[in-house]
Each structure stands twice: as structure tokens, then as C-alpha cells.
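Biologist: I'd like to learn how to read a model like this one. Can you walk me through it, one feature at a time?

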Amino acid sequence: MTRTVYVNGEYLPETEAKVSIFDRGFLMADGVYEVTSVLGGKLIDFEGHSKRLERSLSELQIRKPMENEALLEIHRELVARNGIEDGLIYMQITRGAPGDRDFAFPSDETEPTVVLFTQSKPGLADSPAAKTGIKVISIPDIRWGRRDIKTVQLLYPSMGKMMAKAAGADDAWMVEEGAVTEGTSNNAYIVKGSTIITRQLGKEILHGITRAAVLRFAREAQMKVEERAFTIEEAQAADEAFVTSASTFVMPVVEIDGASVGQGTPGPVATRLREIYLEESRKAGL
Ligand code: PLP
């Protein structure tokens, strides 16, 4: 089926959607994005994603192209037009296409480029991987220093996924100065006893919207949370490990660099947090 996508004010069939070859997103990875999941036709945590988008744009001095209400309207329209029950909505915003290539930022006359598209993922919340857990390998974190901004520079995360695949694993955890920063497209956690441990916020990691919600639900459920760095060795010796993201929610990790974590099966804390996250997020969906 041909999707309907949104490009700079228009709803178009994907085959007719166009962006300039001078777009700075294409030439310089000068753009940011957000991914919002859709469950049962409802947007999950739209407010969190739109707040982070605002921050990413402001950190890079890219003009915010429209108010959150208008962005919400486009999200809803795309869900309706594409009949999305479960899936994802990608929102890509770049500094625009000034009409030529130049390192300097263009003047304010250049409009940001705004593109939104959907991916239909029937049964997104019932992923078989959530029942078995995933395997990760560790790789060095050689990304730039502002990982708190959700930019479209996804080459290294993409290479990381390929390295994982080549090693017979599902994903990679990135390590810097001996400590895990995060997964290629998710935040990383371990559980020791009854304590959930995840790296503290900073410029080294993306401030996951799912992370914020999961930690809030964990604290509300009286679970202990420690926000601090941990090593691969500590993770391998932990009782459980898991990752969170808007597209995978809470996903158990059962193997790290070939070593089983805990019993080598999804643990009770990750399983419970996944249930709570899905239940609460569905209730609050827009
Ligand atoms: N960390 C990185 C590097 C990511 O790319 C993502 C999501 O794409 C996350 C963490 C998780 O963020 P969120 O929960 O907002 O999807």
C-alpha cells in the first residue's frame, strides 16, 4: 500500500514526496527527529516527544516550524489516513534547503524542512523478542559529544547494529571510558537485587522519553532506582538487563558479549516494567 506522508505543509503519496538535494539534512545531517509509537490508534507519550523535539531544535538553533498542537494534528491525520492501529510515526525536521551548499547556517529566510511518515507494525506490543529477550554485544562509543540531541546522524548506530548482526547478536551497547553509555537506539539498564541501575542523564546519552516514563513507574511501584554508570562486567554479573525505547518499550536483554545474564531468560523486573509501561501508556495515549 502506498503511504500518505507529510512534507512541508502537504499530505502526499510517498511516491510523490520530494525534498531538495540541497537540504542540509541530506548534505550535513543537519536535522533532528522524533519517533512516537502508536498503540490501538493512540499516540504514546506525544507530549514527551514534542518537548524533546523542542529542546533538540533549540540546542541546534533550528527554528521551530510550528506549535505542538499543529504537530499533534499532523500525527493524528497520518494515523487516520494510513489506518495505523499499531506502528510508529517518524518526524524529521532539518535546517532546510538554502539552495546551495555552505557550512554556514542559512539566513532565517530558509524554512526548516518538515517530513512525517508512518510505519505500520501490527502487534507492535506483542513482539516475540520480548518473550525470549535479546542478545547484545559491546562496542566502543565513538559518536559525537552531544548525544542528548536527537539528531539524524545515525551512521554509527547503524554500523553498531550491523556489527551485532555479524556477531550473531541483536543489538550493541556502547562503552566509553569503561562504562556503558546506551544501546544503539535505546537506553540500557541492569537490575541487581531489587535495584534498577541506569546511566545518569548528561550529554553522553539521549534522554529517552521511555526511560523517563519507566523510571517514574518504577519509583511509583516502590522499586529502587540508581542513576549511575555501570560496566559491561557489572552488567554480565547482574540479575537482569533490559533496554527501553519508543519502538521496543521495555525489552529484556539475556546475553551480553556471549555471557548469559541471570538465568538467560527475561527477568521479573523487566517483565513487570514492560507490563506497567504498556498498560499506563495505553491509558494515557492521545
Ligand atoms: N538512546 C538512543 C541512542 C536512541 O536512539 C533512542 C531512541 O531512538 C533511545 C535512547 C530511546 O529513546 P526513546 O525512549 O525516547 O525512544
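**Helix 6 and what follows**

Modeller: Let's start with helix 6, where I209, T210, R211, A213, V214, L215, F217 and A218 are buried. Keep in mind that this is a predicted model.

Biologist: How many residues does helix 6 have, and what does it reach from its first C-alpha to its last?

Modeller: Twelve residues, 209-220, and the reach is 17 Å, close to the 16 Å expected at 1.5 Å a residue. Just after helix 6, look at Q222, which takes a positive phi of about 65°.

Biologist: What about helix 8: what should its 17 residues span?

Modeller: At 1.5 Å a residue, helix 8 (residues 268-284) should span 24 Å, and its end C-alpha atoms are 24 Å apart, so the two agree. Its buried residues are V269, A270, L273, R274, I276, Y277, L278 and S281.

**A polar side chain**

Biologist: Which backbone atoms does the side chain of N187 meet?

Modeller: There are two to look at. The backbone oxygen of L206 is reached at 3.1 Å, and the backbone nitrogen of G208 lies 3.4 Å from a polar atom of the N187 side chain. Leaving out residues up to four places away in sequence, N187 touches E182, I205, L206, G208, R211, F242, V243 and T244.

**Rings and charges**

Biologist: How many aromatic pairs does the count come to?

Modeller: Six. Take Y6 and Y11: their ring centres are 5.3 Å apart and their planes sit at 70°, so the pair is edge-to-face. The idea is that planes over 60 degrees apart get that label.

Biologist: Are Y6 and Y11 buried or partly exposed?

Modeller: Y6 has 7% relative accessibility, so it counts as buried. Y11 has 26%, so it counts as partly exposed.

Biologist: And what arrangement do the rings of W173 and F230 have?

Modeller: Edge-to-face, because their planes are at 65°, with the centres 6.0 Å apart. W173 lies in strand 8 (residues 171-176) and F230 in the loop between strand 12 (224-227) and helix 7 (232-236), so the pair ties together parts that are 57 residues apart in sequence. W173 is buried, with a relative accessible area of 0%, and F230 counts as buried at 2% relative accessibility.

Biologist: Which residues form an aromatic cluster?

Modeller: F217, F249 and Y277 form one.

Biologist: Where does R81 lie?

Modeller: Over the face of Y11, at 4.2 Å from the ring centre. Another case is R95, which lies over the face of F105, at 3.4 Å from the ring centre.

**Domains**

Biologist: Last one: which domains is the protein divided into?

Modeller: Domain 1 covers 4-122 and domain 2 covers 129-284. Their contact takes 20 residues from domain 1 and 21 residues from domain 2. The C-alpha centres of the two domains lie 26 Å apart.

Definitions and conventions
Residues numbered from 1 in each chain as written. Predicted model: local features only at pLDDT ≥ 70, side-chain atom pairs only at ≥ 80, totals over all residues. Heavy atoms only, no water. Helix = DSSP H or I, 4+ residues; strand = E, 2+ residues; numbered from the N terminus. Expected span 1.5 Å × (residues − 1). Buried < 20%, exposed > 50% of the residue type's maximum accessible area, 1.4 Å probe, protein only. Polar contact = N/O pair within 3.5 Å; in protein donor to acceptor, adjacent residues only side chain to side chain. Contact = heavy atoms within 4.5 Å. Phe/Tyr/Trp six-rings, centres within 6.5 Å; stacked < 30°, edge-to-face > 60°. Lys NZ or Arg CZ within 6 Å of the ring centre and 35° of its normal. Domains from an automatic or database assignment.
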